[in-house]
Each structure stands twice: as structure tokens, then as C-alpha cells.
Amino acid sequence: MIDAIGRPQSVLVLGGSSEIALAIVAKLVPARCRTVVLAGREGERLAEGVRAATAAGADVVESVAFDAADIDHHQAFADQIFDRFGNFDLVIAAVGVLGDQTVDESDPAAAAAVMTTNYTGLASALLAVAGRLRHQGHGRLIVLSSVAAERARRANFIYGSSKAGLDAFSQGLADSLVGSGVQVTLVRPGFVVGRMTEGMVPAPFATTPEAVADAVVRGIESGAAVIHVPPLLRWVMAIMRHLPRQVWRRMPG
Amino acid sequence: MSAPGGRRTVLTGWGRTAPSASDVVRAIHPDVVELAVADAAGSVAGGRGIIARGLGRSYGDAAQNAGGVVLDTTWLDVVHQVDLATGAITVGAGMSVQSLMERLLPLGWFVPVTPGTRMVTVGGAIAADIHGKNHRLDGSFCSHVSEMTLVTPTGTVTVSPTSDPDLFWATAGGMGLTGVVTRATIQMIPVETSHMLVDTERAADLDTVMDLMLSGDQDYRYSVAWIDCQSTGGQLGRSVLTRGDHARLEDLPARLQSQPERALDFRPRTLARVPFSAPDGLLNPLTVGLFNEFWFRKAPLHQQGKLHTIGGFFHPLDGVDAWNRLYGKRGFLQYQFVVPDESGEAVRRVIEKISTIRLASFLAVLKRFGPGDPGPLSFPMPGWTLALDLPVGHHQLDRILDTLDEEIIAAGGRIYLAKDSRVSPAAFRSMYPRSAEWQAVRDRVDPEGVLRSDLGRRLGLCTDRRPPSTRRGRPRARTSTSRTRPRRPARAAATPSSDASSERTPPP
């Protein structure tokens, strides 16, 4: 159970090899999180996540195969994992791909794959998980969105629109869960310097997985509904949303 | 026949932290309790258990059961039997200490143990084995309970300290996890008036107040010190010590002596109500510091034999309804611990720690305990107990309190579960070395682990995990009314195809 100071005892990560999610787990385990389940694509990165959580001192650490695009199996996945572990105090939805806008614009199938992973597939999994959270009557759902969701940009609208879908979906899901004991926190980081953005020039207000993790851990305690990282981006985006189109579409990638 | 359906409700403890949703069933009669417990036992595989709740004065997560059933026992508020010659009274477990006083004080009988609020039920008083300002002399609540009726998943039993001492004492302080108390017989104490004869003195620092308590507490039935945890240095632990006893008829002014029925008058009043949640941070080191300064200075330096009302002496906070809202939306917690007499220094170290980091704590309360009772999870032990209210929100609160836990464990002390909302399972086991003994009794009366609470989950006393063999095809819990779609039976795990990935790195 999450205690009075916002420390969860168990966590399920969808997208278990995500750098940001693993940075969050790295902060939760020393603060008493005993059970860590990393769901994601099986491979070296997931295994590394398991090793890191074990080394940090969690009692139960497991990896589970999970594919955001495999919507036929999301309900069974959620049922099986919740039945087995009883409760999850925290679920982190960290599935996400950036894609390559310049290539994907002329490859509709690749663009659709980005949208499936980031939005439609993940939303399906979130519905299954939210049903089980509602059943258990408590829990926190952390959804990693992006500032890109606030206004789609010429330079990355495929990724941006997929995050916009996820963002809007999560807001509605949060409202639907009022009174269920489950709270949803939407995280909108700016440009995160890390594996996903390797080789790219950092945008203004760039942040790091560790900074996002710090903000999320604080958000779990305070019960914030939306977190911007860095916090200043909330106000920057409030202005950006109202820039004239002629200016906005020239914003560089 | 099954119990009436519950209504899904988000519940918290008095500290308003860590909410969860439970199906609240009104226990309007002991039969409803039996039906509800039987229902919960019948759906162990899919259900999430059951726990009793009284007036919700536990600070943490003791009286909530995420996804499961919570029995609202405040409806069990009848007087079953009363013996006005001996003061033995049998009441429903949902009767509050306030109702007990309203009924019996005019007849010259007072509750043997009262906490800092009248708004607790008899069932809750047993489950937490509550103590009062008279613990050193009179022990805790369950020492005055001669018999209780307990609804367990294996049947309803009437237990006394002699008929089944293991179950009786496992229930005393067992936080509701050994069964639902539906009625109890309590031995009240005789009083001549509804007034208290109180001595008040100010102590300049912690050593002074502890010396005063060590040397003088034996002259009083009730004793409590209020400590200013904001003061530091030479004033560290400056306090107001109030001690007293029930006033006898001859202690009252003549006009009251001539009317014995007025001498036993008891009309508790609420002066005000906090209408809504205060802004976060209203209680900060500055405002609390000002309040503490005022409280300390308004107390007389030394005053003897002053008459107080029972409400004014025992329950000053009951004058303000819903005062927990003053702490804002994020809520607060109470850190109450006991350390043995020989570890009195630990009290100083805790106060030092709290005062140096400027946590806004007011109403820190210091008392002495006498011998504990046989309950393996009962809180009191001979020594010092300190209770601190702390707002949630200080960025170091988690680490500071974990450090204090270690300090208290090292001193051989423990945390009070009725106040707790954050202790870890490992720290709990160190603080309550007899928890295995308690668990054995629980396993006897509740072998399937039907009695569950969020506190039990957090401390590792109960689990919702299902053995894989019993999962398939079992009926769902009838109580999960809010779920619209039945859960499908578990299927094989989703297995990824090698080409579909949940995460893809962007091309270089």
C-alpha cells in the first residue's frame, strides 16, 4: 500500500526498459518499494532493469513479456499479473517511441506503428490495467506524456499527435476514476536527454531522466494531476499554445 | 441469504492520507455482521476481504480495506445490559465513548479509559487497545473489558480473558484483524461528579517536566504534559503539565453540592467546525510557533485544585469539529511511540530532531505508561509515550521518521498502530516481537485471511495474492459492485512476437 508519505510498496512498469521508468524505480526501491515488475519487450535492456532493481534491494523483481501493439492480450495480461501479485500500488505507463518524422511522413505504416505504440495500443493496455486498479480500490497510475502533446508541431507531429491522444485519453481516464480510490498523474517532460534522443540537439528547457524521476516521486506524494518537467514548461507551453500558426510551424525540430 | 450490498466509498483515516475505496456496508444489526463476514469468507478467491470501521479516528489506514468490504459498525449502538450496582455495562461495539458518558455519567459511572477524543467506538477502543492519561494506574481499555462477542470467519464466539485468553488478547490491539467485535461488557468506574480537580504547572524544559512526572505522578490518577516542540536550546521541551483526579462532591462549590444531579451534569458542546479543507501550509513553523507560544504563556505558572469540566480536561480538541481539515488536503500524521523507562533519553533525541528541522508540530503530548496487558500487539509498555502531529509535505519527513523508527527500535520501544500510517513491515516486526504469536491466533480464527485492511496489507499481515490453482472459474466477489464487466478467467501470458516491439529507438 502507498503510505501517508506517498511511498508505494509495489510497482508495475509498462515499457519496463524505459530510461525514465527505470530512473523512477531506482528512486522508489530504496524508499521501501519491495516488488518491482517490469513489463516490456524481452531483451538485454529489460534484463538490465531487473538486475538494477535487484541490486537496489527489492525483494521481488520480475520481468514480464508485454507488447503495447498486441491488443488481443492486454486484458489477459492485466488479469494474470494482478492476480499473481495481488496489488500494485503504482503503475507507470512508460511505453513510447519517437519514430523518425522525416522518414515516417512518407511511410504511413511506420507512422501508424508509432501511433499504435504510443497511443492506441497503450490506451488499450491502460484500460485493462485501470479496470484492475478500480477493482483493487487503490493505486496510482503515472502516464508519461510529453509537452509535445500540448500542441502538435510541424517538425514532429506524428509523435506529437500520438502523445496528444494519450494525453487526452489519460485526462478522461483520470476523471472516470474519481471515486474509485485510483489517482492518475500525467507527466509532461520537455526534451529528455537520453537514449531516445541520442544524436539530437537538445531543445530549450531540456531535462534528464533523473530530473523527471525526481518530479514523479514528488508528484506521487503530493497527488498532482499534471506534472511538467522542468516546471517552468507549464507556463512556456501556456504561451506556446497561443502563438500564431505562421510562427508555430517554423519551430525547429 | 447474503448481506446487503455495499456502497463504494473513498475512505481515509483521521490524518486524511492514503485514500482507498471500499464497499461500505451498514452493520445495522449483529446478524448483518455475520452475513457480511460469511459472504467475504465465501468469496475469498475473488474478494478482497472485510474489516470493521467505527468513527474513523485511527490516523492511518487501519479502518479501510481497498477494493473490499468495510462494515460501518457505528449502527451497533445499543445498550444491551446495565448493572447500576456494579457499573458493568454491555453495549454494542458501535457505541461511542461520548454516548457512554452521556448515558452513564449522570448515573455516577465514568469510562475506565478515555483517549484524547470522545469520538471513538467501543469496538475501535478494543481493536486499538486504547490508553488514556491514567495508563500508569489503570492500564489500557481491554483491561476493563470482561467479555466480548467476536464475529470471525470461522464462527461467532463470546470471549473473555479466561474463556479464550489467546483470542481475547490477540483482539486487544489486533486492529480488527481477528474478527468484528459486535458487543462488549465494560467495567465502568464510579465518580461523584462530572468535574475534574486539576493542578497545572509550567516546566521550563524537558528535564524539568520529566522529573516532575517521575516524582509526582503517583499523587494523581491522570497526568499529561503538553510539549512545545518548536522551542530549542535551553528551552527545548518546555511544557505545560496538567494532572488531576475526579472531583468529589465536597470539592464543588456549595451551589452544586446542594444539587447532586447537577454535579453529574454532562453536556458536551462543539464550539466550532472547520467547514472545509484549509489551504496547504496553513500550519507552518511560523503559525504553529505562534500558537505554541500563546498556549505556553496562557497556562498558569503553578495552579492547584482548579475545577475543569470532563470535556475540557480530557477532550479539548473535541470542541472543534473536523479539526483535521486544518492540515489541508495533503493531510497529516501522528507519530506516537513508547520507549521503556530506562530509555527516557530517546524522548529527548526525538524532540531535538523535530525541533532542529523546524517541522511544524503542535500538540505534542507526553505521558507515562504503566505495565502493558498480555496483548501481543497491544501498544503500551512501562515507560514514556510521546505523540506528535506532523503535517505531510516536508521533503525530508520520510527519512526523518525512518531514522526515528530505528532510534525507537534500538531503545526497545514501538509505534502505536492506531496512529501509524507509514511504518515498514520490517520495522513493525522489530517493534512487535510477539507478532508471530498474534499471527498464529489469527490463522486459527481466520485461516483464509478474510479479515483484511490497508494497514494489514502495508505491514504484511494480510495478502490479496491468490494461489494459482484456485483462481480459475471461481465466482467473483459479490461486493465489487462498481465493476461493470466480469473479469475474464486468466489466460496465458501475452507473449511478444519478435518483430513487434513496445519500444523502439529512433534511427540514428
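**Entry 1, helices α5 and α6 of chain A**

I looked up which residues bring two helices of chain A together, and found that A:Ala111, A:Val114, A:Met115, A:Asn118, A:Tyr119, A:Leu122, A:Ala123, A:Leu126 and A:Ala130 of α5(A) meet A:Ile158, A:Tyr159, A:Ser162, A:Lys163, A:Gly165, A:Leu166, A:Phe169 and A:Leu173 of α6(A); residues are in contact here if their C-beta atoms, placed from the backbone, lie within 7 Å. By class, the residues of this contact divide into 13 nonpolar, 3 polar and 1 charged, where Ala, Val, Leu, Ile, Met, Phe, Trp, Tyr, Cys and Pro count as nonpolar, Asp, Glu, Lys and Arg as charged, and the others, Gly among them, as polar.

I note that this is a predicted model, in which local features need pLDDT of at least 70 and side-chain atom pairs count only at pLDDT 80 or more, while totals for chains, interfaces and linings use all residues. Residues are numbered from 1 along each chain as its sequence is written, and chains are lettered from A and ligands numbered from 1 in the order in which they are written.

For the geometry, I found that α5 (residues 108–136) and α6 (residues 157–176) of chain A pack at an angle of about 15°, with their axes 8 Å apart; the axes are lines fitted to C-alpha atoms, for helices over the stretch in contact, and angles run from 0 to 180 degrees between N-to-C directions. That makes α5(A) roughly parallel to α6(A), since angles under 35 degrees count as roughly parallel, over 145 as roughly antiparallel, 65 to 115 as roughly perpendicular and the rest as oblique. The crossing of α5(A) with α6(A) is right-handed, that is, the near helix is turned clockwise from the far one by less than a right angle.

**Entry 2, the sheet of chain A**

I counted 9 helices and 7 strands in chain A, taking helices (H or I, at least four residues) and strands (E, at least two) as DSSP runs numbered from the N terminus. An open sheet of 7 strands runs in the order β3-β2-β1-β4-β5-β6-β7 of chain A, with parallel pairing, and strands pair if DSSP finds at least two bridges between them. At the edges I found β3 (60–65) and β7 (226–229) of chain A, each pairing on one side only. Strand β6 (residues 182–189) of chain A is joined to β7(A) by 4 bridges, and A:Leu186 has A:Val226 of β7(A) as its bridge partner.

I then checked what packs on this sheet: helix α2 (residues 44–56) of chain A touches β2 (35–40) and β3, its direction making about 165° with that of β3(A), whereas α7 (residues 209–222) touches β4 (90–93), β5 (139–144), β6 and β7, at about 155° to β7(A).

**Entry 3, helix α1 against α7 in chain A**

Helix α1 (residues 19–28) of chain A packs against α7(A) at about 55°, with the axes 8 Å apart, which makes α1(A) oblique to α7(A). The contact of α1(A) with α7(A) has 9 nonpolar, no polar and 3 charged residues.

**Entry 4, the sheet of chain B**

In chain B I found an open sheet of 4 strands in the order β1-β2-β4-β3, with mixed pairing. β3(B) and β4 (residues 69–72) of chain B pair in the parallel sense over 4 bridges, with B:Ile50 opposite B:Val69. Helix α1 (residues 30–42) of chain B lies across β2 (20–26), β3 and β4, running at about 170° to β4(B).
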